[in-house]
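Subject: Structure handover

Hello,

Here is the structure for you to look through. My notes on it follow below.

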Amino acid sequence: MLILVIFAGLTLILGAFYLTNSWQRYREWKSGTIIVVLSLIAVVYGAINLPYWNRSSQSGSSSTSSSQQVQSSSFSNALSGINGAANGQNQQMSVLRQLQKGYSKLGTVEFREEDNTYVVKPTDDNTVKAIQALVQDPSQASQIGWSNLTDSIKKNSEQVSKALNGDYSISIVNPDKISQAVYTAKNGQTTYDIANQK
């Protein structure tokens, strides 16, 4: 496209000289005007389609689509550092505090004692919108970056199980209906994923 712009620009300049000369000597303007108009169109077309403009428009579209993407957790605390000698309830609360800290940008975390599940309720606007879209249409999972979040949850569930030396799950719930899980991992294995449901 750059070559087109350069040649069209040169043609535009030469066409302008030709038009001026034709008008001054022969009072002829039609052929010169056609050359000028066509070369001007080519310059504008080439300039619009330069890679610079395409890159900025692509980054603009990707930024709007990424605004709907789920945020993967920045949770990286070493859960295995919990003192094994402490009683089970203290360990569970210690892990809960670490998960709350790790998932603070994503949402809130609570511990459900009856089934040993740490429940993550998203409050981040982008994540909430992405999960709402996923609940409506599970086929959108790849577009919203669902696997980034679920991989993080899966790894963290394995860490939690090892740290607490038992069977523990981490579950993300639908922010509009907290009784409905959208993803659950137990001991490092996916047990439920709304994106894989028909």
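I start with strand β3, residues 169–174, which is mostly covered: 6 of its 6 residues are buried. Buried means under 20% relative accessible area, exposed over 50%, and partly exposed in between, with a 1.4 Å probe and protein chains only. Helices (H or I, at least four residues) and strands (E, at least two) are DSSP runs, numbered from the N terminus.

Some ground rules before the rest. This is a predicted model, with residues numbered from 1 along each chain as its sequence is written. Local features need pLDDT of at least 70 and side-chain atom pairs count only at pLDDT 80 or more, while totals for chains, interfaces and linings use all residues; side-chain values use heavy atoms, with hydrogens and water left out.

Strand pairing

Two strands pair if DSSP finds at least two bridges between them. On one side of the pairing list, β3 runs parallel to β2 (residues 117–122), over 4 bridges. Val120 stands opposite Ile172 of β3 there. β3 also pairs with β4 (residues 177–186), antiparallel, through 6 bridges. Ser169 has Lys186 in β4 as its bridge partner. β3 and β4 make a hairpin, with 2 residues between them.

β2 has another pairing. Strand β1 (residues 107–112) joins β2 in the antiparallel sense over 6 bridges. Arg112 is opposite Thr117 in β2. This is also a hairpin, with 4 residues between the strands. Asn116 in that turn has a positive phi of about 50 degrees.

Whole chain

The protein chain has 6 helices and 5 strands. Their order along the sequence is α-α-α-α-β-β-α-α-β-β-β. Of the 198 residues, 35% are buried. The chain exposes about 12000 Å², and carbon and sulfur atoms supply 53% of that. Accessible areas come from the Shrake-Rupley method with a 1.4 Å probe; for residues, only the protein chains shown count as cover.

Contact means heavy atoms within 4.5 Å. Take the contacts between residues at least 6 apart in sequence: 56% of them join residues at least 24 apart.

Confidence

pLDDT is the predictor's confidence in each residue, from 0 to 100. The chain averages 78, and 79% of the residues score at least 70. Residues 55–68 have pLDDT below 50; beyond near neighbours in sequence, that stretch has 5 contacts in the model. Residues 72–78 are also below 50, with 18 contacts beyond near neighbours in sequence. Where pLDDT is low, the predicted coordinates should not be read in detail.

Rings

Rings of Phe, Tyr and Trp (its six-membered ring) pair if their centres lie within 6.5 Å; planes under 30 degrees apart count as stacked, over 60 as edge-to-face and the rest as tilted. By this rule there are 4 aromatic pairs. One of them is Phe111 with Tyr118, a tilted pair at 4.6 Å centre to centre and 45 degrees between the planes. Both residues, Phe111 and Tyr118, are buried. Ring pairs link Phe111, Tyr118 and Tyr168 into a cluster.

A charge sits over a ring if NZ of Lys or CZ of Arg is within 6 Å of the ring centre and within 35 degrees of the ring normal. Arg27 lies over the face of Trp23, at 5.1 Å from the ring centre.

Arg27 sits in the loop between α1 (2–26) and α2 (30–48). Its phi is near 55 degrees, a positive value in a residue other than glycine. Arg27 is exposed, at 55% relative accessible area.

Asn187 also has a positive phi, about 55 degrees, although it is not a glycine. Asn187 is in the loop between β4 and β5 (189–193). Asn187 is partly exposed, at 29% relative accessible area.

Gly145 lies in the loop between α5 (125–136) and α6 (146–164). Gly145 is buried, with a relative accessible area of 10%. The C-alpha atoms of Gly145 and Ala130 are 9.0 Å apart, with 15 residues separating the two along the chain.

Last, Thr190, in strand β5. Thr190 is partly exposed, at 36%. Leaving out residues up to four places away in sequence, Thr190 touches Lys154, Tyr183, Thr184 and Ala185. Thr190 and Thr150 are 40 residues apart in sequence and 8.5 Å apart, C-alpha to C-alpha.

Best regards
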